[in-house]
Amino acid sequence: MTKILIENGRIIDPANAVDAVGSLCIADGKILQVLTPPADFTPDLTINAKGQIVCPGFIDLSARLREPGHSQKGTIKSETRAALSAGVTSLCLPPDTKPCIDSPAVVEYIKDKAEAADYPRVYSIGALTQRLDGTELSSMFALKQAGCIAVSNAHAPLGNLLILRRAMEYAGTHGLLLMCRANEASLSGKGCAHEGAMASQYGLPGIPVAAESIALAQALELAQLTGCRMHVSQISCKQSVIKIQQAKKYGLNVTADAAIHQLHLSENDVLPFDSHYHVIPPFRSEEDGHYLREGLANGTIDAICSDHQPHDLDAKLGAFPETEPGIASLETLLPLTLELTSLHRIDLHKTLAALTQKPAAILGLQAGALTPGFSADVCIFDPDLPWQVNEQTWHSAGRNTPYWQQSLIGKVTHTIQGGRLLYKFRNR
Amino acid sequence: MHRHLQLTEHGKLKHFLSIEGLSKRLLTEILDTAESFAGISEHQVKKVPLLRGKTIVNLFFENSTRTRTTFELAATRLSADVLNMNIATSATSKGESLLDTIRNLEAMHVDMFVVRHALSGAAHFIAQHTAPHISVINAGDGQHAHPTQAMLDMFTIRQHKKQFAGLKVAIVGDILHSRVARSQILALNTLGVAEVRVIAPKTLLPAHVGSMGVIPLHVMEEGLSDVDVVIMLRLQKERMNSAFLPSESEFFKCYGLTETKLQQAKPDAIVMHPGPINRGVEIASSVADGPQSVILEQVSNGIAVRMAVMTMTLGHHGGAA
């Protein structure tokens with residue numbers, strides 16, 4: 001296999017507390033040595049990373065690839081290309097595919113497609129309940145054996161709290177991580193925007209923050225009761241940050257993530273009736289955004305995910321409430337993460353850890369670090385390179401992003417997965 | 001965004017989607033133009049040739065006989081050709097998308113869409129995606145806006161009160177679900193009234209009503225104190241089924257407009273209602289038919305205001321001779 005030498009880059013590896021300019025050597029698909037190359041190292045490929053940052057490949061806790069079932073929106077092939085161009089070398093696929101990931105056959109199908117797309121690190125999240133209908137437990141043991149990394153009910157509601165309790169106990173029995181998107185459906189109803197000033201003004205059905213925080217409070221209580229290892233996905237409000245912080249303080253083994261766009265945009269940024277801002281959970285108030293960023297800075301929020309949801313054009317063409325929610329967000333993950341440092345003064349090591357070391361720990365993966373012997377999943381990026389989000393630079397099949405045509409700073413230049421250079425940025 | 005979408009580069013009205021972003025000058029121009037049309041309905045020949053040769057499509061995705069009829073009359077009196085499309089019962093229920101419906105009608109070379117739709121933002125969406133020569137008038141979109149209704153209310157208020165400065169206006173009832181109230185609030189504040197109060201139980205007020213430039217109140221007697229204008233809103237019957245209210249009779253007790261409650265307002269206060277009214281639910285018959293009620297004037301004024309907005313958006317300013 002190819003030996004790769006990455007030289008002159010600033011190597012940042014939060015897991016190993018490394019931040020220094022030096023070289024990274026890759027051999028046999030693995031990290032060989034960091035900072036100084038061995039004397040006898042003869043690379044087949046040398047990458048000059050001068051002025052760039054070299055870090056572990058990003059691990060995305062939630063990215064929809066739209067296959068199987070919604071290939072008009074994107075395919076495993078197209079979306080894993082987008083992932084590579086975004087420096088994402090491992091990703092978790094939520095179970096709301098069609099059919100949903102409630103049987104080993106679907107897991108196998110995804111695995112085959114991912115291998116055919118030359119992107120083996122697609123981790124399926126199994127459905128928590130059969131058909132995601134919230135009533136009967138899925139065959140979690142079989143799903144785990146087939147390769148599911150966790151279980152979740154995605155955005156689908158559970159019938160009642162007893163089912164959540166049993167699901168936690170059963171997932172715990174098989175040592176499966178339970179990923180929970182907190183939402184009390186009776187409170188969120190047909191809402192399509194944050195229940196705040198913007199929704200009040202434009203007459204959009206609102207989703208109160210309590211729809212999330214009440215469901216979260218219940219889930220935390222049940223996690224306490226059952227001892228289930230729970231990860232809370234895509235929190236969006238102040239109340240959720242406070243609840244997670246308290247739960248952690250009192251020793252509950254819980255982790256949480258936020259979607260990158262939630263750390264930047266608020267209801268005030270939503271252009272009236274522009275469906276590109278239609279996302280669930282909705283963009284909350286400025287204060288909520290502030291608490292999310294603070295939660296990330298103080299470690300209450302462990303990880304940043306893309307919550308990538310590519311859509312076809314039709315899905316976003318219509319009156320705001322009838323359009324499908326979601327943002328194609330893989331490729332804006334890095335520049336927006338860098339903005340957390342440039343704009344909001346959050347330590348770069350912290351934000352990079354939230355994309356590498358932390359999600360690896362949540363998933364229990366031997367990844368997210370440049371430790372010798374680990375699989376060589378590496379991302380090289382230019383933190384100062386401005387680029388425009390447009391047809392020329394974009395890889396995802398979904399162009400549904402509020403950042404379309406905008407200029408962002410920070411671009412992934414090389415992505416190495418398993419020691420193979422799979423993406424190289426060509427400045428077109 | 002609204003501003004650009006609704007106005008031409010010269011600041012003239014291109015579409016009429018929302019009161020938001022429109023200046024006091026422009027709203028006054030609508031009222032003045034409507035004034036010039038108001039007499040026409042009383043002429044023996046109730047037509048002017050301002051929009052001869054133009055085709056106006058009433059595109060109603062939600063049933064409404066009254067609003068559609070006044071738009072139709074307004075268009076007819078301007079000599080336009082009118083096509084009524086009731087899509088609530090036809091195309092989109094067969095799976096045709098909103099955009100396909102618009103494209104098909106565009107191909108028939110129409111000049112204006114008058115749109116009513118059950119979802120907030122539908123009229124904006126159509127205005128954004130329709131051919132540049134077509135004007136769009138919002139005849140009510142979800143819970144967002146009903147700007148012609150608001151302007152006919154402003155017209156009625158101006159007829160009776162002569163000016164907006166210094167007026168205290170109370171809007172009573174289901175503010176939360178009301179596109180009419182949202183547009184009225186924007187129009188009243190733009191035209192410079194002294195105070196807009198909204199009176200309703202907390203279940204029927206938007207979460208952040210305070211940010212809308214109004215004073216929220218829950219006790220009607222207090223809210224009506226010293227007001228010049230009382231605007232009652234229609235209460236939809238289905239609100240009882242989703243825990244917004246216990247019963248119609250309890251609503252009437254607290255928020256129904258009776259002669260006794262009306263005594264809190266100024267003696268010359270006018271009573272308005274966008275219709276159709278629920279007698280004994282939001283308003284007592286004796287008030288609806290009483291001397292202070294201007295409800296039927298609102299209906300006649302609706303035609304003049306819609307004629308004004310149609311001529312202004314299609315580029316004929318100045319109104320009738």
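Mentor: The centres of domain 1 and domain 2 of chain B, taken over C-alpha atoms, are 25 Å apart. This is a predicted model: local features need pLDDT of at least 70, side-chain atom pairs count only at pLDDT 80 or more, and totals for chains, interfaces and linings use all residues. Residues are numbered from 1 along each chain as its sequence is written, while chains are lettered from A and ligands numbered from 1 in the order in which they are written.

Domain 1 of chain B covers 2-145 + 300-313, and domain 2 covers 147-295; such bounds come from an automatic or database domain assignment. Contact (C-beta atoms, placed from the backbone, within 7 Å) links 26 residues of domain 1 of chain B with 21 of domain 2 of chain B. On the domain 1 side, α2 (24-38), β4 (135-141) and α12 of chain B each supply at least two residues. Helices (H or I, at least four residues) and strands (E, at least two) are DSSP runs, numbered from the N terminus.

Now the sheet. Five strands of chain B form an open, parallel sheet, ordered β7-β6-β5-β8-β9. Strands pair if DSSP finds at least two bridges between them. β7 (215-217) and β9 (270-272) of chain B are at the edges with a single partner strand each, so one side of each has no neighbour in the sheet. Three bridges join β8 (residues 229-232) of chain B to β9(B). There, B:I231 has B:M272 as its bridge partner.

Finally, B:V230. Leaving aside neighbours within four places in sequence, its contacts include B:A170, B:V172, B:L257 and B:V271.

Methods. Contact = placed C-beta atoms within 7 Å.
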